[in-house]
Amino acid sequence: MTVLTRWHVGPWTTRGTLPGMPLEPGRKRTPDELNFDVVGLARILGRRLSGRDELQVRLWQNELRPTHTRQCGVHTLADPALLQQTAAEALSWLAERAPAGYEFVLTDAVELRPLLDLTAPVVAVEAVIELATTTLPAGRLAAAHVRRTSSGWYAGDAVCNWSGPHDTAEAAAGVVQAARGELVEQLRAAGRDDLAATAERWPDVPVESLAPAA
């Protein structure tokens with residue numbers, strides 16, 4: 001089984017209303033639209049469906065999203081049970097492929113979160129930053145991942161670039177590694193030697209890869 005390269009912590013789908021809550025047309029998906037997004041996210045990331053299941057996805061799409069300009073947060077299915085089951089299966093598929101030190105959870109969106117277990121074999125940098133509960137100037141860049149654009153390699157998150165462009169992925173990753181070294185020193189200065197000691201179990205700097213997971 002192939003796991004995913006981490007791209008960013010936070011939501012990976014548009015947010016939706018929870019079952020039983022008032023709909024927010026134009027702002028959040030309906031529960032059915034959110035479940036459809038869960039299924040779609042897994043497909044984008046490499047989950048294969050049978051021909052029959054692909055046809056069912058297209059039928060749902062026609063019912064929930066027949067045009068790109070149709071307002072979200074309005075449309076529901078007459079019988080959502082099968083979509084709910086399919087979304088649960090897709091979420092389980094995603095959960096099995098979460099990067100080490102992270103987990104996929106479904107709140108009002110599919111979110112990637114760091115596991116807050118300092119005894120785990122892999123401890124995410126974001127987990128350390130969250131548990132520190134203090135200002136750590138190096139934290140933002142230390143938690144960055146590396147991605148490529150037409151102008152070069154950058155270190156940042158899913159929205160912002162904080163360092164670059166660099167000629168190679170290795171150069172961009174080196175900037176993140178240097179920030180991680182600064183983060184260790186800042187943790188020690190804050191009296192959090194317990195968090196600094198996890199540095200040897202931080203995952204490698206994530207480098208964006210769009211190869212589909214098996």
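Helix 4 (residues 125-132) has buried residues at Val-125, Glu-126, Ala-127, Val-128 and Ala-132. The model is predicted. An open sheet of three strands, ordered 4-5-6, is a second topic here.

**Helix 4 and its surroundings**
- Thr-133 follows helix 4. The phi of Thr-133 is positive, near 50 degrees.

- Strand 4 (145-149) and strand 6 (161-166) are the edge strands. Each has a single partner strand, so one side of each has no neighbour in the sheet.
- From one strand to the next, the twist averages 25 degrees.
- Five bridges join strand 4 and strand 5 (residues 152-156) in the antiparallel sense.
- Opposite His-145 stands Gly-156 of strand 5.

**Helix 6 on the sheet**
- Helix 6 lies across strand 4, strand 5 and strand 6.
- Helix 6 runs at about 20 degrees to strand 5.

**Cysteines**
- With sulfur atoms required to lie within 2.5 Å, the disulfide count is zero.
- Cys-72 has a relative accessible area of 16%. The limit for buried is under 20%, so Cys-72 counts as buried.
- Cys-160 is partly exposed, at 35% relative accessibility.

Methods: Residues are numbered from 1 along each chain as its sequence is written. This is a predicted model: local features need pLDDT of at least 70, side-chain atom pairs count only at pLDDT 80 or more; totals for chains, interfaces and linings use all residues. Side-chain values use heavy atoms; hydrogens and water are left out. Buried means under 20% relative accessible area, exposed over 50%, partly exposed in between (1.4 Å probe, protein chains only). Helices (H or I, at least four residues) and strands (E, at least two) are DSSP runs, numbered from the N terminus. Two strands pair if DSSP finds at least two bridges between them. Axes are lines fitted to C-alpha atoms, for helices over the stretch in contact, and angles run from 0 to 180 degrees between N-to-C directions. Contact means heavy atoms within 4.5 Å.
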